Amino acid sequence: MAEINPKLQQLQDAILQGNIPQMVLSTISLALEMRASDIHIEPMEARVRLRYRIDGVLRQIVEYPLNIHPAVISRIKIMSNLKIDEQRMPQDGRSTVTTKDGREMDLRVSTLPTVRGEKVVMRIQDKSRRIPDLPELGIQGSALKSFEAALDLPNGIILTTGPTGSGKTTTMYSALSRLNIVDYNIMTIEDPVEIQMDGLNQSQVHHEINYTFANGLRTALRQDPDIIMVGEIRDRETIDIAIEASLTGHQVFSTIHTNSAVETLTRIMNMGVPSYLIASSVELIMAQRLVRRICQACKRPTQPPPELMDLVKKALSNLHSTEEIEPEKLKELVFYESPGCPECDGVGYKGRVGLYEIMVMNNEIRRMLLQGAASMDIEKTAIKTGMVTLEQIGIIKALKGETDLNEVYKVAKKTEEY
């Protein structure tokens, strides 16, 4: 029989004893140990379930009786300075917790009234966690070279795009940690400041007092900056000031919500920005996703179904970069799977790895942009000039035994014939 985790045992004991403070602390402690990013506490019809988001997927941990739920909610509200008596309105708060083993964490707490009672989600930000360097995140080969070259540029906009929770903020901080030297004044405007880093001047927007990204960016330009990081480009005003900053000799980092590197150009043009301004200011666009890493302890070779192999061959036929993987592996096409073992709690996955699609704004792409070319044609040119798509880099990582094809096709769209 598998041995029970001592912290899980502690949590179960606290539930049985009705020890609410211990229960909340054990919940957070266990979440940290299991590498969870979020804690979900959800009242159901006859019980309350506790789930953790681990490697991007929710897993149920324990259940507890409904009658102690109000006390649990009150305890969490006290920790994060929320109103205990307000149960009809959603609330947001923050808390800093130090676990018994001395790890300090920021918790972002969100409460939501539901028909069964209040639901709570806690986002965990481990302050003791080191920011990984770019290759550790999974940026490799020609993509890494292109990104490092962009970091050396004196000015221009570097954009990271992807859905919520795809690791955009971590990538930007990883880049900033390389640039974080005493010679540079680095300003950041964020909502909220997720990772505090020494050497950076970090400012948090407050929409209720009209301190927005645009206002913060305008103020940052008066603070004699060399490098500016804007948490997110949401509107025309913010992109206009970002472009102005890049054209006046500053390096600007930001994120934007689109599905691929090429679609980002369309999105900025839809905001009303003229193509000549995009062509002269944007230097690099990176689309990214996170996929689960297959367990290295129990991985074994596998043969994917024929229809999946057809997709793979079609995607690799467009691969113009030769730096990502050895040619022999492209001939053999050996993929891997993990059936699950004690090391990965029987899930088959442990940890996550990033997929990165990097489009460098070279002169050919700029010319096409100015001529009003369709995004499909721009994408075709970007691939011919060395861009590796999310699908291609996902397949390459699957060939290297880092992930599997199911994970890749959850996040990457399939190659279409041009």
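User: How many of the 12 residues of strand β15 are buried?
Analyst: This is a predicted model. Strand β15 spans residues 349–360 and is mostly covered. A residue is called buried under 20% relative accessible area. In β15 the buried count is 9 of 12.

User: How many bridges join strand β12 to β15?
Analyst: Strand β12 covers residues 282–294. The β12 and β15 strands run antiparallel. The number of bridges joining them is 10.

User: Is Asn-81 buried or exposed?
Analyst: Asn-81 is found in the loop between α3 (69–79) and β4 (91–98). Its phi is near 55 degrees, a positive value in a residue other than glycine. Exposed means over 50% relative accessible area. Asn-81 has 71%, so the residue is exposed.

User: What is the relative accessibility of Asp-224?
Analyst: Asp-224 lies in the loop between α7 (213–221) and β10 (227–230). Phi of Asp-224 is positive, near 55 degrees, and the residue is not glycine. Asp-224 counts as exposed, a class that needs over 50%. The relative accessibility of Asp-224 is 64%.

User: What is omega for the cis peptide bond that joins Asp-191 and Pro-192?
Analyst: Pro-192 has its place in the loop between β8 (186–190) and β9 (200–204). The peptide bond joining Asp-191 to Pro-192 is cis. Its omega is about -10 degrees.

Terms used:
Residues numbered from 1 in each chain as written. Predicted model: local features only at pLDDT ≥ 70, side-chain atom pairs only at ≥ 80, totals over all residues. Heavy atoms only, no water. Helix = DSSP H or I, 4+ residues; strand = E, 2+ residues; numbered from the N terminus. Buried < 20%, exposed > 50% of the residue type's maximum accessible area, 1.4 Å probe, protein only. Pairing = 2+ DSSP bridges.
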